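Reader: Hi! Could you walk me through this one while I have it open?

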Amino acid sequence: MNSPSESTHRSADQTPAGPEGPWQEVAPGIYRLVAEPDAVTIGLIVGETGALLVDCGSTPEQGARLRESVAAVTDVPLVGVAVTHEHRDHWFGLAAFDDLESWGHEMLEHRISDAGVLREAEGLGLTPEELRLPKNMFSIAAAVNLGNRLVEIVHLGHAHTLTDAVVHVPDAGVLFAGDLVELPHPLMEPESSPRGWPATLNMIIGMVKPDTIVVPGHGDVTDRETVVQQLGALAQLPYEAERLVREGVRFDEAEAKGEWLLPWDRISEGVRTAYAEMTTEGVRPHLPLA
Ligand SMILES: [Zn+2]
């Protein structure tokens, strides 16, 4: 089950990765489990000829345990890993899969040497040499054939991070959303795009059917209606930030003076980015004349 508290990616430095919960079947041949310390969702998609892991845990050791755990639910061989984005709990375990295929967005190549990413690795006791790029990097989309089952891995734009990908299994009606969808609330990081994120959720709503099962990066399995709700809450943020900027409200007053639809601790970094974007794009506070 999920951690009762809202998880963040940054909360558990120096905590060893683990434990990992049991696999739960969410649709025929599709599984998920929750791995600590970040309560991240790991997915498993089983086809006739191969199985694909969605994300790979926080460390190579955790990745190795996840790999071993696949045998508990299927005899079909694991053929690869799809990485949904650059955050540690989704990506840093990839070195445990060096002999298999892996897929991820091409911007991971830039993020692997980013100072913040390397600090996160260090916090988990990892050296830069223990991080891995996916073998197959794409700009828009990749497809993985698991025999009777085709998996689509799709980048919809800059949202939670620059490297977000959703993993869609059309025949099963399941979408692994990565951290584009989190329950109970999405988490905006400094690298998130306040304007891009709602646009990607809009595309997800167009991709899936009303009865598609949506598997968030953190939190219980949910549905398209949740994506619609989170789209509404996130779409309001840049407009509210712009209203405040135009009224001359400083960022350090924005929490108190804004009408926010999501908890401040989940969106403050997004509001900060929205403020910065308006400053660079020339929106200035309209101040009353003296
Ligand atoms: Zn994330």
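Reader: How far apart are the end C-alpha atoms of residues 39-218, and what are the helix and strand percentages of the span?
Author: This is a predicted model, so keep that in mind throughout. The end C-alpha atoms of that span are 6 Å apart, and residues 39-218 are 22% helix and 24% strand. UniProt, in an unreviewed entry, places the feature "domain: Metallo-beta-lactamase" there.

Reader: Where is the kink in α6?
Author: At Leu237, shortly before the proline Pro238, and the kink is about 25 degrees. Both Leu237 and Pro238 are buried. Other buried residues of α6 include Thr226, Gln230, Glu240 and Val245.

Reader: And what follows α6?
Author: Gly248, with a positive phi near 80 degrees.

Reader: Switching topic: how many aromatic pairs does the structure hold?
Author: There are 4 aromatic pairs. One of them is Phe251 with Trp264: the ring centres lie 6.1 Å apart and the planes are at 35 degrees, so this pair counts as tilted.

Reader: Which helices do Phe251 and Trp264 lie in?
Author: Phe251 lies in α7 (residues 251-257) and Trp264 in α8 (residues 264-281), so the pair ties together parts that are 13 residues apart in sequence.

Reader: Is Trp264 buried or exposed? And what about Phe251?
Author: Trp264 has 18% relative accessibility, so Trp264 counts as buried, with the cut-off being under 20%. Phe251 has a relative accessible area of 22%, so Phe251 is partly exposed.

Reader: Which residues form the aromatic cluster?
Author: Phe251, Trp260, Trp264 and Tyr275 form one cluster.

Reader: Nice. What is the strand order in the open sheet of 6 strands?
Author: The order is β8-β9-β10-β11-β12-β13, and the pairing is mixed. At the edges stand β8 (141-145) and β13 (222-223); each has a single partner strand, so one side of each is left without a neighbour in the sheet.

Reader: Do β10 and β11 pair in the parallel or the antiparallel sense?
Author: Antiparallel: β10 (residues 166-169) and β11 (residues 174-176) pair over 3 bridges.

Reader: Last one: what is the bridge partner of Val167 in β11?
Author: That's Phe176. Enjoy exploring!

Note on methods
Residues numbered from 1 in each chain as written. Predicted model: local features only at pLDDT ≥ 70, side-chain atom pairs only at ≥ 80, totals over all residues. Heavy atoms only, no water. UniProt positions renumbered as here; feature names shortened; annotations may be inferred. Helix = DSSP H or I, 4+ residues; strand = E, 2+ residues; numbered from the N terminus. Bend = angle between axes of the 7 residues up to and from the residue. Buried < 20%, exposed > 50% of the residue type's maximum accessible area, 1.4 Å probe, protein only. Phe/Tyr/Trp six-rings, centres within 6.5 Å; stacked < 30°, edge-to-face > 60°. Pairing = 2+ DSSP bridges.
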